Amino acid sequence: MKFIEKCIVKQNKKIVENIYMMELESSNIVTKSKPGQFIQIKVNAQNDPLLRRPISINEIKEDNRIVIYYKVVGKGTDILSKIREEDTISLVGPLGNGFDTNINNLNVAVIGGGIGIAPLYELTKDISKNNTVEAFLGFYNYTYLTDKFNKYSKEVYVSTVTGAEGYKGLVTDLFEKRLNKQKFDLIFACGPKTMLKKISDIAKKSNIKCQVSLEERMACGFGACLGCSIEMTDGSIKKVCTDGPVFWSDEVKFDE
């Protein structure tokens, strides 16, 4: 079930360079949201930009609040970053199919890259109740959310491209190093497509089941415009907004 809801902004603050956190008070969307789903945000009342912005849900809180993290990359997210506390904005959600969290007694690797780390936090909270979770978080330079992952993960491994913190290099390389010492039963991943392709290849080679949350440009969020269509390994076409954004990695045809 999805809702169109006017929500009150309780927080909207810069976390690190170009990364913002927004906390929203919700009466309906929060009650139906699951890890891996997303919302569509109307950034202002002037219809400029016309389209809503799709942003994944970072946290579902008990006080009827949802948290999102977003990166300022264009006009829409720049407007979003200037919204003040107690302002009201329009949301549509929850949208998409989230992660399959019906798992127990597994060793799980949660792997995120960049802003793709955000939706993995609520997932980690959820599955850590009955599973052992290790988190692998990849950044370019500035890190964030690592302290929150520490609460629900057995271990948190951090990589930065610049070497500012943790392992210097890609999070996929960091995970491969850990895989030499630790066996995992399942992988959850979200981030840039190049990262997800590499994780998918590692999972296939290591015979590990893997769910990936895809980041694609979306317009409507309801599957009508076909703007987020992707090809699957069986030749079929799926829509990331309605069939996903989460898929089993061996079902997705990643570009060579």
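**Exercise 1: a partly exposed lysine and its partner**

At 48% relative accessibility, lysine 253 counts as partly exposed, a class that lies between buried (under 20% relative accessible area) and exposed (over 50%), with a 1.4 Å probe and protein chains only. The model is a predicted one, in which local features need pLDDT of at least 70 and side-chain atom pairs count only at pLDDT 80 or more, while totals for chains, interfaces and linings use all residues. Residues are numbered from 1 along each chain as its sequence is written, and side-chain values use heavy atoms, with hydrogens and water left out.

Task: determine which side chain meets that of lysine 253 in a salt bridge.

Solution. Step one is the criterion: a salt bridge requires a side-chain nitrogen of Lys or Arg within 4 Å of a carboxyl oxygen of Asp or Glu. Step two is the pair itself, in which lysine 253 meets glutamate 231 with an N to O distance of 3.6 Å. Step three places the partners: because lysine 253 lies in the segment after β16 (246-248) and glutamate 231 in strand β14 (residues 229-231), the pair ties together parts that are 22 residues apart in sequence; strands here are DSSP runs of E with at least two residues, and helices are runs of H or I with at least four, numbered from the N terminus. Glutamate 231, at 34% relative accessibility, is partly exposed.

**Exercise 2: a second pair**

Solution. The side chains of arginine 178 and glutamate 134 form a salt bridge at 2.9 Å, N to O.

**Exercise 3: a residue of the annotated site**

Task: describe where threonine 77 lies and what is in contact with it.

Solution. First, the unreviewed UniProt entry lists Arg53, Pro54, Ile55, Ser56, Gly76 and Thr77 under "binding site", with the caution that annotations may be inferred rather than shown by experiment. Next, threonine 77 is placed in helix α2 (residues 75-81), and its relative accessibility of 10% makes it buried. Finally, when neighbours within four places in sequence are set aside, threonine 77 is in contact (heavy atoms within 4.5 Å) with Tyr70, Lys71 and Val72.
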